[in-house]
Amino acid sequence: MALASGVRFAPRALLRPWALLRGTTLGRTEPAAGGGGDGARRFGSQRVLVEPDAASGVAVMKLRNPPVNALSLELLTELVISLEKLENDKTFRGIILTSDCPRVFCAGLDLTEICGRNPAHCAEYWKAMQELWLRMYLSSLVLVAAINGACPAGGCIIALSCDCRVLADNPKYRIGLNETLLGIIAPFWLKDTYVNTIGHRASEQALQLGSLFPPAEALQVGLVDQVVPEDQVQSTALSEMARWLAVPDHARQLTKNMMRKATADRLLRQRDADTQNFVSFVCRDSIQKSLQAYLEKLRQRKG
Ligand SMILES: CCCCC/C=C\C/C=C\C/C=C/C(=O)SCCNC(=O)CCNC(=O)[C@H](O)C(C)(C)COP(=O)(O)OP(=O)(O)OC[C@H]1O[C@@H](n2cnc3c(N)ncnc32)[C@H](O)[C@@H]1OP(=O)(O)O
């Protein structure tokens, strides 16, 4: 990911993303409904819909992994590939990330990827999660999260990796890192991202309590930058994007790198150890039992 200045952001350490996409439609380009010219063509994959607007240099990237946009291995991989595709296309300067699933931005880790799975699978899954975070956190593009639904845990990680967050004003759309309530622990790089966003004391409290903030509180604590009526999320995200794009790219990119590099480097230095910690932690019998119980509770809640 080379910048105009030659500075590189995240190393291209990615897994084998293409290998994961057997049977998906990534790379397909089709005209958007009612669309005509190049700027109206959309592309994407099964789980990530990209609506590029070449004229403005902004693409809207929609998560569509129903019912709740849980971060499956496939979704993580498709997100990385779509992001990379836009970053490599000089037409684009910004991405608005939003959800195509009603009422949910992203439900976080797909718990079925870590419940009852073998250590090798959990490791592969966690590496994909690390990779997406690194790519997003250090992206040279402006990323604006248009949060149009609930945004717990891993969903919040995705939002926190963006440069700016606009949340729809609906009390059901809570955002935060609720890991402790599931009996799991946010890894250090996620904790760092939280601290970088809302400060140490607020993070200490929110992480231990597993707080999920309703919109007004999320705004107050600094977890999101704007709270607006639901029908204004997209337009507000576009206005925010315009504000960020008014800054010359090279200056903004280098500043972003200066602010975020140390946090990302910390994970890069300990990536294997972090993966091992994750695997040995989630594969413990006690953790498997509590994750299983949580999933069961979610399934029963329905109906
Ligand atoms: C020291 C070592 C370090 C170790 C590190 C360890 C762990 C890593 C730590 C942190 C990283 C991040 C962790 C996570 O992200 S964990 C996931 C946390 N997510 C949640 O708690 C959200 C759970 N979901 C909900 O609250 C709700 O579903 C919702 C998002 C608010 C939406 O509500 P709604 O009413 O619209 O939907 P349903 O609840 O009816 O759900 C529909 C359907 O989806 C299934 N589902 C929901 N969430 C998940 C999920 N995260 N994974 C998998 N499946 C999920 C739910 O069971 C329903 O399924 P069904 O089969 O009944 O249709």
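1. A crossing counts as left-handed if the near helix is turned anticlockwise from the far one by less than a right angle, and as right-handed if clockwise. By that rule, H2 and H9 cross right-handed. Helices here are DSSP runs (H or I, at least four residues), numbered from the N terminus.

2. Before you go further: this is a predicted model, where local features need pLDDT of at least 70, side-chain atom pairs count only at pLDDT 80 or more, and totals for chains, interfaces and linings use all residues. Residues are numbered from 1 along each chain as its sequence is written, and side-chain values use heavy atoms, with hydrogens and water left out.

3. Now the H2 and H9 pair. H2 covers residues 119-137 and H9 residues 271-282; their axes lie 9 Å apart at an angle of about 130° (axes are lines fitted to C-alpha atoms over the stretch in contact, with angles from 0 to 180 degrees between N-to-C directions). The two are therefore oblique to each other (under 35 degrees is roughly parallel, over 145 roughly antiparallel, 65 to 115 roughly perpendicular, the rest oblique).

4. Who touches whom? On the H2 side, look for Trp126 and Leu134, among others, and on the H9 side for residues including Phe278 and Val279 (contact means heavy atoms within 4.5 Å).

5. H2 also packs with H1 (residues 73-88): those axes come within 9 Å and cross at roughly 30°. H1 and H2 are therefore roughly parallel to each other, and their crossing is left-handed. Among the contact residues are Leu76 and Leu83 of H1, and Tyr125 and Met129 of H2.
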